[in-house]
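Have a look at the model below and keep it open while you read.

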Amino acid sequence: MTISMRFGLPGGRGDLDGASSTSTVELARVAETLGYDSLWFTDGHLSSVGSRTMKARSSPIPLAAAVAASTSRIRIGFTALHLTLHDPIRLAADLATLDRLSGGRVTLGVGWPIAPYTRAYQGAAPVQVDLPDALDTIVGYWRGRTRMADGAQFRVEPTPAQHPHPPIEVAASSEETIVWAASRGYGLLLSAVQTIASLAACMELYTSHGGTAGDVRVERFCLVAESDAAARERATPIVVRLTRRLAALGGDEHGHTAVGTTDLDPFRFHEETAVIGGPATVARRFAELRDELGVARVNLRPSFSGTASLALQQSTVRMFAAKVAPLLAQPAIRRVNS
C-alpha cells in the first residue's frame with residue numbers, strides 16, 4: 001500500500017518568507033485551497049544587526065492566531081518554539097487558546113535556540129532551563145496540574161481543544177534528543193539541511209527506540225520549475241547563497257542537528273539535500289523518501305531560508321500543488337527526465 005504524503009508550508013515572517021502579516025493570512029487561504037496540510041511558524045524575535053545569518057521573524061503565536069481565524073482546515077504548527085525562553089504559564093495558556101480558536105488544529109514543535117540567540121535574549125548569564133523539564137511543565141498545566149501560592153491553588157486556563165494536548169514534535173538536535181522523543185511518544189522534526197543519509201540514520205535511531213516513521217516530519221528545501229534545466233538555472237545562485245549562510249552558522253539551523261562542512265558543498269547540496277527539478281523529478285525524489293524511508297510528512301521550504309525571491313517561492317508552491325502532488329498520488333513514480 002502506498003503511504004499518503006502530507007505537505008506543509010512555512011508561515012514565515014510574512015508571505016512565504018518576507019512580506020506582511022496580511023500576506024500570511026492570504027497565503028494560508030491559498031495554501032488551504034491548494035490542498036496543503038499545514039502552515040508552520042518559527043520562533044525568534046531578534047535579528048543580528050549587520051548580518052544576514054540571523055533574521056527576526058514575526059511573533060509566531062499571534063500570527064498563527066490570525067491564520068486560525070481565517071481558515072477552517074489547514075493545521076497550524078511551530079518549528080520550533082524555544083520553550084526554555086518562554087514563561088511556561090503564559091505559553092501554556094496562549095497555545096491552549098490558539099488550539100481552541102482553531103478548533104483543535106495546533107501541532108506543537110519544540111526545540112533548542114542557538115546559543116548566541118539565548119545569550120542575546122536572556123543576557124550574559126542565561127537562565128538554565130532544560131527543554132524536557134519545560135515541556136513537562138506545560139503539558140502538566142494542560143493536564144490539570146495546579147500551582148500553590150499563599151495557601152491557595154491555581155489552575156492554568158484554558159486547556160487545549162485536543163485531548164490530552166496538541167501533538168508534540170521535537171527538533172532533532174542530538175542522538176539523545178531523538179531517543180528521548182521516541183521514548184515519550186513525541187514526533188520528530190528533521191531539518192532541511194540534513195542529507196538523505198543523515199535523515200535515514202536519525203529515523204533508524206528513532207524507530208529502534210519505539211518511534212514510528214509516520215511520526216517523523218522532514219523539512220526539504222524545494223524548487224519546482226517547468227523542467228530540470230530551468231530549475232537548475234534558477235536554483236544555482238540560491239543554493240550558493242544558502243550554503244554560504246549555513247556555513248557561517250556552523251551548519252546549525254534553528255537548533256536542529258548540525259551537518260558537516262562537506263555536506264554544504266553547493267553541488268552536493270543541490271543534488272543530495274535540496275529537492276530541485278521539474279515536476280517529474282521532484283515527485284520522484286519525494287516518492288523515494290516515502291518508499292525507502294517511510295516519510296509521510298514533509299514541510300516544504302521554497303524560500304531557501306530567504307534566499308529565493310517571493311515570485312519564485314509562489315511559483316513553486318502553485319506548481320507543486322498542480323503538477324507534483326498528482327504524480328505522488330499515483331501508484332508508482334518512474335524515473336523520467338523532465
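Arg268 and Glu272 are four residues apart in helix α9, so about one helical turn separates them. Their side chains meet in a salt bridge, 3.1 Å from N to O. A salt bridge here is a side-chain nitrogen of Lys or Arg within 4 Å of a carboxyl oxygen of Asp or Glu. Helices (H or I, at least four residues) and strands (E, at least two) are DSSP runs, numbered from the N terminus.

Before we go on, two notes on where this comes from. This is a predicted model, in which local features need pLDDT of at least 70 and side-chain atom pairs count only at pLDDT 80 or more, while totals for chains, interfaces and linings use all residues. Residues are numbered from 1 along each chain as its sequence is written, and side-chain values use heavy atoms, with hydrogens and water left out.

How many salt bridges does the structure hold? There are 11 of them. Side chains of opposite charge can pair when their charged atoms come close.

| Pair | N to O distance | Relative accessibility |
|---|---|---|
| Arg268 and Glu272 | 3.1 Å | Arg268 30%, Glu272 35% |
| Arg29 and Glu26 | 3.7 Å | Arg29 41%, Glu26 41% |
| Arg184 and Asp136 | 3.0 Å | Arg184 39%, Asp136 26% |

Arg29 and Glu26 both sit in helix α1 (residues 21-34), three residues apart, or about one turn of the helix.

Now find strand β9 (residues 216-224). Why is β9 largely enclosed by the rest of the structure? Because nine of its nine residues are buried. In a regular strand the side chains alternate between the two faces of the sheet. In β9, Val216, Val218, Arg220, Cys222 and Val224 point one way, and Arg217, Glu219, Phe221 and Leu223 the other way.

Which strands pair with β9? Two strands pair if DSSP finds at least two bridges between them. β8 (residues 187-190) runs parallel to β9 and is joined to it by three bridges, with Leu189 opposite Arg217. Five bridges link β9 and β11 (residues 297-301), also in the parallel sense, and Phe221 has Arg301 as its bridge partner in β11. β10 (residues 275-277) is parallel to β9 too, over three bridges, and there Gly277 stands opposite Val224.

The side chain of Thr316 has a polar atom 3.2 Å from the backbone nitrogen of Val224. Thr316 counts as buried because its relative accessible area is 2%.

Finally, the nonpolar cores. Such a core is a set of buried Ala, Val, Leu, Ile, Met, Phe, Trp, Tyr and Cys residues joined through side-chain atoms within 4.5 Å. The largest one has 70 residues, and Tyr36, Phe286 and Phe320 touch the most other members. Helix α5 (residues 131-142) gives the most to this core, with seven residues. A second, separate core of 19 residues includes Ala192, Leu223, Ala231 and Leu242. Contact means heavy atoms within 4.5 Å, and residues that Phe286 touches include Arg220, Cys222 and Phe320.

Note on methods:
Buried means under 20% relative accessible area, exposed over 50%, partly exposed in between (1.4 Å probe, protein chains only). A polar contact is a pair of N or O atoms within 3.5 Å; within protein, one must be able to donate a hydrogen and the other to accept it, and residues adjacent in sequence count only if both atoms are side-chain atoms. Lists of a residue's contacts leave out its neighbours within four places in sequence.
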